Number of protein chains: 2
Amino acid sequence: MEMLNVYRHLRKKLEGKIVLIVFDGLGGLPRTPGGPTELESARKPNLDALATESMCGLLDTVGPGLTPGSGPAHLGLFGYDPLEFDIGRGLLGALGIGFPIQPGDLAIRVNFCTVDPRTAVVTDRRAGRISTEKNEELVALLNQKLRIPGCQVFVRTEKEHRACVVFRADDLYDGITETDPQSVGKEPPRPAVATDGRSGKAAGIAAEFGRQAAEILRDQHPANNLLLRGYARYEKLPLLTETYDMRCAAIATYPMYRGVASLVGMEVLDAGGETIADEFACLERHFADYDFFFLHIKKTDSYGEDGNWDGKVHVIEEADPFIPRARALGPAVLAVTGDHSTPCVLKTHSWHPVPVMVWARWGRPDGARVFGERACAGGSLGRMPAIHLVPILVAHAQGLEKYGA
Amino acid sequence: MEMLNVYRHLRKKLEGKIVLIVFDGLGGLPRTPGGPTELESARKPNLDALATESMCGLLDTVGPGLTPGSGPAHLGLFGYDPLEFDIGRGLLGALGIGFPIQPGDLAIRVNFCTVDPRTAVVTDRRAGRISTEKNEELVALLNQKLRIPGCQVFVRTEKEHRACVVFRADDLYDGITETDPQSVGKEPPRPAVATDGRSGKAAGIAAEFGRQAAEILRDQHPANNLLLRGYARYEKLPLLTETYDMRCAAIATYPMYRGVASLVGMEVLDAGGETIADEFACLERHFADYDFFFLHIKKTDSYGEDGNWDGKVHVIEEADPFIPRARALGPAVLAVTGDHSTPCVLKTHSWHPVPVMVWARWGRPDGARVFGERACAGGSLGRMPAIHLVPILVAHAQGLEKYGA
């Protein structure tokens with residue numbers, strides 16, 4: 001926060017545009033001892049060429065040894081210490097579906113679930129992954145019937161069995177126990193109880209919401225109840241657009257990333273499709289309109305989580321030909337990195353730092369010959385907290401005044 | 001501050017001497033894509049030989065992405081976080097001319113200026129860059145005639161149109177608006193007004209000073225008024241000589257650097273001349289008398305700001321033959337770095353980190369073959385905040401006890 005104020009006092013109009021390309025879960029691990037990582041084994045002549053002209057390094061997006069969730073990882077990439085700005089998952093979900101969240105709102109993740117009609121024990125935490133259409137039907141029912149005095153309630157479909165609810169009233173805080181038992185066949189949904197003094201009002205509303213929802217959904221099948229988790233009060237963040245004198249845009253196809261981008265003041269653009277080609281075409285269409293672009297490529301992470309080595313490699317190779325198109329737009333700064341590592345051999349997010357390269361008109365290339373974990377380890381950015389990335393990008397676009405005389 | 005206390009508790013008598021050579025604005029950028037920087041293109045066999053026996057790295061003197069002013073940059077190099085120890089320019093100016101500043105003094109930069117005699121509008125913010133002799137004449141006049149009840153006033157010549165004034169009284173704080181309008185032909189000097197509750201007294205004195213000065217200078221030409229900026233109260237810093245058990249000396253020809261060195265407890269030596277040769281001769285003369293030497297070479301920055309590539313390269317080449325003379329003195333530690341980058345292609349200070357090398361009797365060389373930005377990027381010091389440098393130098397001179405048991 002303190003450093004954000006330093007940057008804010010030094011901000012000036014950028015002398016060129018910044019493009020930040022984030023491959024989700026980019027970092028990886030060798031699958032054979034001494035072998036290449038996913039990134040190192042990809043054929044990506046354009047990314048490698050960019051590396052030879054870039055400053056390279058390794059980023060810790062949350063902290064050394066910490067495995068980042070996607071929300072905190074992106075906050076870190078956007079320059080906000082995720083350990084200071086703790087954004088709950090409910091909030092990211094609500095923002096991701098474009099809900100017009102307001103400061104003070106309490107957002108909660110909802111999973112439709114199946115309970116045993118006699119014992120109320122949770123038998124399926126995802127209600128057989130119901131269709132999104134069915135989800136929408138149930139959400140309509142809930143919005144129609146649910147009434148909580150003194151509190152506005154907004155239930156919204158996310159996807160399949162996932163939804164979210166936003167409570168709007170004064171004094172709603174998020175110290176509340178989750179109702180998801182995290183097990184099946186053992187216990188009913190747990191009670192929503194306040195864990196601190198100021199969250200009593202919100203806990204009461206959550207409990208009442210759960211009671212009414214169970215009643216309303218009782219005769220539905222298989223989604224005859226719901227579970228609450230990821231309570232998150234929305235405290236407005238200092239905006240990227242205010243810390244720096246720049247208009248920011250996000251190009252991302254997944255709700256979560258669109259959500260966190262809008263949270264820091266980016267405008268979320270409509271790519272008109274979900275492919276990498278659609279995303280780069282969107283960058284080209286809007287290049288004149290903004291100073292800072294965040295372009296998010298999701299599938300590297302998805303394949304990493306599946307343990308699909310070839311799939312992950314292919315996503316990198318698929319994106320590679322678009323690098324020259326991004327360069328052709330003439331940005332002052334073009335950076336490529338990930339939000340965290342998702343090594344195929346682990347099939348999950350990991351704590352390994354992510355490679356980063358920053359090409360800039362006024363950059364000082366450091367001699368890396370390829371874009372990969374090992375090459376980046378010897379780069380001039382060093383191994384650094386990701387929160388330093390945006391200031392460095394802005395500096396290279398000449399968007400910060402001199403500090404002191 | 002906290003870390004300074006840690007070092008202070010561990011300090012012990014050094015087992016050898018430390019020499020820190022600072023080339024102002026040393027870091028640079030290639031002038032052709034893929035080409036060498038100023039430092040990389042210089043013929044400097046002795047600096048390169050030193051690099052092969054040194055630990056190398058890159059320093060951020062204020063912070064990643066931040067372009068340092070000279071004052072904050074040097075504070076960083078001396079181990080003081082410039083974001084915590086915020087030293088105003090007025091103070092650096094006063095110290096630079098050797099004014100015996102005392103804690104609580106308020107120091108202010110003065111520019112003689114020209115105003116339209118009828119409208120009082122500022123027509124030249126530098127009074128046609130009057131000679132230093134004329135400046136001295138006006139300063140004598142001001143010191144003779146100015147009287148402010150309850151406050152001692154010391155006006156001192158700096159150079160050409162630049163002077164400084166120090167107010168000495170109780171409770172003088174520096175939250176005061178600058179009177180320099182930063183434009184010509186538009187407005188008179190602005191009023192000096194307090195911007196916080198505790199600076200009212202000092203603002204009143206500054207306003208009265210401005211009023212009397214305008215009166216005294218009225219019939220002078222072209223310097224018929226003055227402008228005030230860079231208000232800075234002197235809060236005593238923890239001294240380098242107290243943090244570590246070492247006597248410190250500064251060899252620097254420019255006022256600003258002599259000033260910041262004295263601020264942290266260094267004795268400013270008289271080099272008896274302004275050349276690099278004079279500075280190294282001074283080092284040799286005084287080598288027995290101190291434990292820590294800061295030797296400052298200014299012209300790399302001056303040529304960088306002029307965009308004079310050959311000039312900047314030449315300063316490095318001119319200094320190179322003195323490296324063996326410094327080594328011949330037998331220091332325990334010999335470090336070479338810059339305070340910030342001043343790339344010729346930018347003609348100004350920049351945010352790029354500065355190369356550093358630390359040779360030490362008990363050092364662990366890391367295999368760099370030359371002293372340059374790229375070689376240092378792969379060095380064992382990594383990319384680090386400059387505040388870590390002095391503790392590392394002192395450690396290599398065996399001046400810090402073990403921490404804990």
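Asn111(B) sits in strand β4 (residues 106-115) of chain B; helices (H or I, at least four residues) and strands (E, at least two) are DSSP runs, numbered from the N terminus. The model is a predicted one, so local features need pLDDT of at least 70 and side-chain atom pairs count only at pLDDT 80 or more, while totals for chains, interfaces and linings use all residues. As for bookkeeping, residues are numbered from 1 along each chain as its sequence is written, chains are lettered from A and ligands numbered from 1 in the order in which they are written, and side-chain values use heavy atoms, with hydrogens and water left out.

Back to Asn111(B): with a relative accessible area of 4%, the residue is buried (under 20% relative accessible area, with exposed meaning over 50% and partly exposed in between; 1.4 Å probe, protein chains only). Setting aside neighbours within four places in sequence, Asn111(B) is in contact with Arg125(B), His161(B), Arg162(B), Asn225(B), Leu226(B), Leu227(B) and Arg229(B), where contact means heavy atoms within 4.5 Å. In chain A, Leu138(A) of helix α6 (residues 132-145) is likewise counted as buried, at 1% relative accessibility. Its contacts, again leaving out neighbours within four places in sequence, are Phe112(A), Ile130(A), Leu217(A), Gln220(A) and Ala223(A).

Next, helix packing. Helix α5 (residues 89-96) and helix α9 (residues 255-263) of chain A pack at an angle of about 95 degrees, with axes 7 Å apart. That makes α5(A) roughly perpendicular to α9(A) (65 to 115 degrees; under 35 is roughly parallel, over 145 roughly antiparallel and the rest oblique). Axes here are lines fitted to C-alpha atoms, for helices over the stretch in contact, and angles run from 0 to 180 degrees between N-to-C directions. On the α5(A) side the contact is made by Arg89(A), Leu91(A), Leu92(A), Leu95(A) and Gly96(A), and on the α9(A) side by Pro255(A), Met256(A), Gly259(A), Val260(A), Ser262(A) and Leu263(A).

In chain B, the buried residues of helix α9 (residues 255-263) are Met256(B), Tyr257(B), Gly259(B), Val260(B), Ala261(B) and Leu263(B). Their cover includes α4 (70-77), α5 (89-96), β9 (248-251) and β11 (292-297) of chain B. Just past α9(B), Gly265(B) adopts a positive phi of about 100 degrees.

On to the rings. Rings of Phe, Tyr and Trp (its six-membered ring) pair if their centres lie within 6.5 Å; planes under 30 degrees apart are stacked, over 60 edge-to-face and the rest tilted. That rule gives 16 aromatic pairs over all chains. Phe280(B) and Phe322(B) are stacked instead, with centres 5.1 Å apart and planes at 15 degrees. Because Phe280(B) lies in helix α10 (residues 276-286) and Phe322(B) in helix α13 (residues 322-328) of chain B, this pair ties together parts 42 residues apart in sequence. Ring pairs also join Phe287(A), Tyr290(A) and Phe293(A) into a cluster.

Most residues other than glycine have a negative phi, and most peptide bonds are trans. The bond between His221(A) and Pro222(A) is cis, with omega about 0 degrees, and the one from His221(B) to Pro222(B) is cis too, with omega near 0 degrees. Ala120(A), not a glycine, has a positive phi near 70 degrees.
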